[in-house]
Amino acid sequence: MLTLYYAPGACSLAAHIVLEESRERYGLERVDLAKGEQRSESFLKINPHGRVPVLRLDGGEAISENTAILPYLGKRFGLWPKDPTAELRALSLIGFFAATVHPAHAHISRPERYATDPALFAHIQETGRTAFHGYLKQIDQRLAGRQWLGEQYSVLDPYAFTWTLLHWLHAVR
Ligand SMILES: N[C@@H](CCC(=O)N[C@@H](CS)C(=O)NCC(=O)O)C(=O)O
């Protein structure tokens, strides 16, 4: 059975949605980010990066990173393109989400990771907010006139939805 280590209001939501819609039985382990559980000794043994999501596979191995977890779940549940060019586009978008959109958001939610001087935090957050909003607009443009990011519903869509949730939770304040 697959088990997802997740946190409410975090990017683990994408894998959570996919698992929930899969109708396959799966386990859930909640990690309380506000309490710093991601940095606990026991969780760092599961993911030394101290982040969710982590997917524990049927055989017990724990795998981190949305860029790995989402294509894996997509292939398992028929939510991943089979055509090589469509797969290339999907990987390109997942990479953009994980390596560009998410770090922009981290400037808003965790400015202390980017400067030691608290006086700079507001500026870092503002810069992150501007970048994050710009990326959301790019995603919107990509969706213009279509229902899904790919040719059909895929793991890309719940991943994109995650940004709207994070936007609502943090960026609009
Ligand atoms: N590169 C990782 C990043 C995961 C990540 O940053 N997750 C956040 C939640 S959205 C987290 O666990 N934050 C806890 C922390 O930064 O301490 C991925 O894309 O899966």
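Select residues 2-6 and 26-30 in this predicted model. These are strands E1 and E2, and they pair in the parallel sense over 5 bridges.

H1 lies across E1, E2 and E3. Its direction makes an angle of about 145° with E1.

Stay with E1 and select residues 54-56. This is strand E3, paired with E1 in the antiparallel sense over 3 bridges. Click Thr3 and look across: Arg56 in E3 stands opposite.

Next, show the whole sheet. It is open, has 4 strands and runs in the order E2-E1-E3-E4, with mixed pairing. E2 and E4 (62-64) are the edge strands, each pairing on one side only. Neighbouring strands are turned by 25° against each other on average, direction ignored.

**Backbone stops in the loops**

Most residues other than glycine have a negative phi, and most peptide bonds are trans.

Begin with Arg23, in the loop between H1 and E2. Its phi is near 70°, a positive value in a residue other than glycine. Is Arg23 buried or exposed? Arg23 counts as exposed because it has 8 C-beta neighbours inside 10 Å, and 12 or fewer is the cut-off for that class.

Move to Pro53, in the loop between helix H2 (41-46) and E3. Zoom in on the bond before it. Val52 and Pro53 are joined by a cis peptide bond, with omega about 5°.

Then go to Glu65, in the loop between E4 and H3. Glu65 also has a positive phi, near 90°, and is not a glycine. With 15 other C-beta atoms within 10 Å, Glu65 is partly exposed.

Select residues 66-76 for helix H3. Which residues of H3 are buried? They are Asn66, Ile69, Leu70, Pro71, Leu73 and Gly74. An α-helix has 3.6 residues a turn, so residues three or four places apart point the same way. Just after H3, click Gly78, which takes a positive phi of about 70°.

Now colour the chain by domain: domain 1 is 2-76 and domain 2 is 84-171. Their centres, taken over C-alpha atoms, are 19 Å apart. Domain 1 brings 12 residues to the contact and domain 2 brings 11 residues. On the domain 1 side, H1 and H3 are the elements that give two or more residues. H3 gives the most, with 6 residues. That side of domain 1 divides into 8 nonpolar residues, 4 polar and no charged.

**Last stop: Pro81**

Select Pro81, in the loop between H3 and helix H4 (84-109). Why does Pro81 count as buried? Because it has 20 C-beta neighbours inside 10 Å, and 20 or more is the cut-off for buried.

Show what surrounds Pro81. Leaving out residues up to four places away in sequence, Pro81 touches Ala86, Glu87, Ala90, Gly150, Glu151 and Ser154. Finally, draw a C-alpha to C-alpha distance from Pro81 to Tyr153: it reads 9.6 Å, although the two residues are 72 residues apart in sequence.

Technical notes. Residues numbered from 1 in each chain as written. Predicted model: local features only at pLDDT ≥ 70, side-chain atom pairs only at ≥ 80, totals over all residues. Pairing = 2+ DSSP bridges. Axes fitted to C-alpha atoms, helices over the stretch in contact; angles between N-to-C directions. Contact = placed C-beta atoms within 7 Å. Domains from an automatic or database assignment. Nonpolar A, V, L, I, M, F, W, Y, C, P; charged D, E, K, R; others polar.
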